[in-house]
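Thanks for coming. I have one model to show today, so please look at the screen first.

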Amino acid sequence: MVSKICTGNYAAAYGSMRSRARTVAAYPITPQTFIVEHISEFINNGEMDCEYIEVESEHTAMSACVSASASGVRTFTATSSQGLALMHEILPIASGMRLPVVMAVVNRSIASPINIWVEHNDIMPERDSGWIQVFCDNNQEVQDMILQAYRIAEGKRVALPVAVCLDAFILSHTVEPVDLIEQDAADKYVPEFSPTGAILDPDDVAAVGVFTPPDYMMECRWQTDKAMRNAVEAIGEANEVFAKQFGRDHGGMIDPYMVDDAEAVLVTMGTASSTAHEVVDEMRAKGKKVGLVKLRFWRPYPSELLRAIAEKVKAVGVFDRAVSYGIGGPSYIEFRNAVFGLDLPVMNFIGGLGGRDVSLQDVRFMYEKLLEAARTGVVKRDITWMGTRGVEQ
Amino acid sequence: MAAQALASAAHAEGGYATAFPFFGAERRGAPVLAFTRIDDKRIYRKTQVYEPDFVVVLDEGLLETVNVVEGLKDGGAVVVNSVRSPEEIDVGIDAKLATVDATSVALEVLKRPATNSSILGALSKATGIVSIESIEKGIMQVFGDRLGEKVGERNAKAARIAYDRTVVGESHGSRVLKASNKWLPDVRELPMGVAGISLDTDAGAVGPGSFLENKTGSWKVFHPEYDGEKCTMCNFCWFYCPEGCIYRKEDRMEFDMDYCKGCGICANECPAEAIKMVR
């Protein structure tokens, strides 16, 4: 294995090459652009045997991916922000047709106002699109999760598309050491794609994704729902096999850190998890009982795992890099649902929007508030807009 | 790319390193920030850098507008691209300071004023944080990978020459520069209502920035030298200037050096050769 300094974008592109994606259709958008540029280079250099389809928009990119996947080949694409929004119409088509398309989503703020920096508000509207969604917090994980994504997505049990999310710039444009997976090892982990459903084949004609009357629709929806539930098992297995083969255990659905005897736990998504990891070490050294749950999979949502942790602690904070206007952070809403009925102080911290830095001091602030709530059992402010001018902290 | 090459150099020595730009609209000539973190174990923090150990300044002109040593740790060092000696430079504090004329090195070796590779040689000499051999390797990996082996080699050579020419000394500073809270500009510090509507919100007054404050002329390495004798007043320069900083006067052209970025298009277009780009 070669350890190389590379960006998250490179790691994503490299992962798609090693997974032997055979069709890529993508449209460039900051900060995802380098992913498709790297893929073009791989193809140009003869390193990647893949059909690259140049398209005029993300809507077409996803449409082409759906068609390619429906014809029985492994497909990959990548996008960000407005591009993802433009794809919106086609996303449920991919999941409804049960196509294991894998897409890297470089999470960037959505307009207006225009902003190119990190925020999770671009992917949140796709929560119910039937896509499995995983958030990464380092570049190694980005590469590894592209490979795992195919393993999770493909096969009869799941057969759903996967979005591998990485924070704009903080991962996409930051270089970190990454152990690059060799082709032999990748082939062993991600076997050749064999489609499980009907495929578009001129010699064996079939129609897929066709007009469906009320007589069948409920059953279609139910199957997709069931597939999403089945994904939990597939995600655990993909992680286990990966850990055994490559020696890296990313944790499956969630990655808890120091939660066993913790009084206050913070639930984070994306790179805030990595920064919080350092703060946990620092506060633990001072004898403060804090823990961290890195929420990796957003869909399917790990309700039971989170509830099991929540039952043992005295206060939980949920950090959101997104907001559902008028109600709170999406991850907070989901978490409250998971712990419904438990007598537990839960706080929401909304921060890091549009690329605002989530500093060590910010994370310390969240833990101090949580420890206070753990001590008193009282939540003074349920939703805190971190470091926002004009908003009481 | 320099920040990445430095990270690559540290990685080549067996360390862990991350590097990232200050994410924004990067382009050559404009003031940009980039950071590198180096450690012997995995680095978890994904925050911006507020307290650097070392500061590298690629354009001396920035010393006039930015407090480059803000947050610099005690015992830290500053590396400046300058023809002056360390003792002649005032960064506002007493600090270990190294200088090298990286622009000249770059012009000699690369034939263009791209100082990001040369300055890494100076950083290596001034701080010893990574060896010059590792810097060369890092440059080969980052520049070489992206721009081809030959370009990589030339940039590595520039770093080596800069390493040899770097003067390490002490600077005794006294001048005071306005401190800002963070690397991120605070909207409250921006001039109000110069180019648009200002809004009074709960979060305070929010107004657009203004180029009255932001003199982009500091980006240039070369500036146009105008010869009124040769000028035929054909107005080509005025027409082609992408920045709109050439003005037509009665009997001559006038150049606004506050905003001229030194692109040289005027000199290139001038049929009478009345404009020359000089350093």
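A word on conventions. This is a predicted model, in which local features need pLDDT of at least 70, side-chain atom pairs count only at pLDDT 80 or more, and totals for chains, interfaces and linings use all residues. Residues are numbered from 1 along each chain as its sequence is written, while chains are lettered from A and ligands numbered from 1 in the order in which they are written.

The interface, then. In chain A, 22 residues are in contact with 21 residues of chain B; contact here requires C-beta atoms, placed from the backbone, within 7 Å. On the side of chain A that touches chain B, two or more residues come from each of strand E8 (176-180) and helix H9 (272-285) of chain A. Helices and strands are DSSP runs numbered from the N terminus, H or I of at least four residues and E of at least two. H9(A) gives the most to that side, with 4 residues. By type, that side of chain A has 8 nonpolar, 10 polar and 4 charged residues. Nonpolar covers Ala, Val, Leu, Ile, Met, Phe, Trp, Tyr, Cys and Pro, charged covers Asp, Glu, Lys and Arg, and the others, Gly among them, are polar.

Next, helix H1 of chain B, residues 2-12, where 11 of 11 residues are buried. Buried takes 20 or more other C-beta atoms within 10 Å of the residue's own, exposed takes 12 or fewer, partly exposed lies in between, and the C-beta atoms are placed from the backbone. Among the buried residues are B:Gln4, B:Leu6 and B:His11. The cover over H1(B) includes E1 and E8 of chain A, as well as E1, E2, H4 and H5 of chain B. After H1(B) comes B:Gly14, with a positive phi near 95°.

Now the backbone. Most residues other than glycine have a negative phi, and most peptide bonds are trans. Where are the cis bonds I want to show? One joins A:Ala111 and A:Ser112, with omega about 5°, and another joins A:Ser112 and A:Pro113, with omega about -5°. A:Ser112 sits in the loop between E5 and E6 of chain A.

Two non-glycine residues have positive phi: A:Arg98, at about 60°, and B:Glu273, near 55°. A:Arg98 is in the loop between H5 and E5 of chain A and counts as buried because it has 25 C-beta neighbours inside 10 Å. B:Glu273 is in the loop between H8 and E12 of chain B and counts as exposed because it has 10 such neighbours inside 10 Å.

Definitions and conventions: Two residues are in contact if their C-beta atoms, placed from the backbone, lie within 7 Å.
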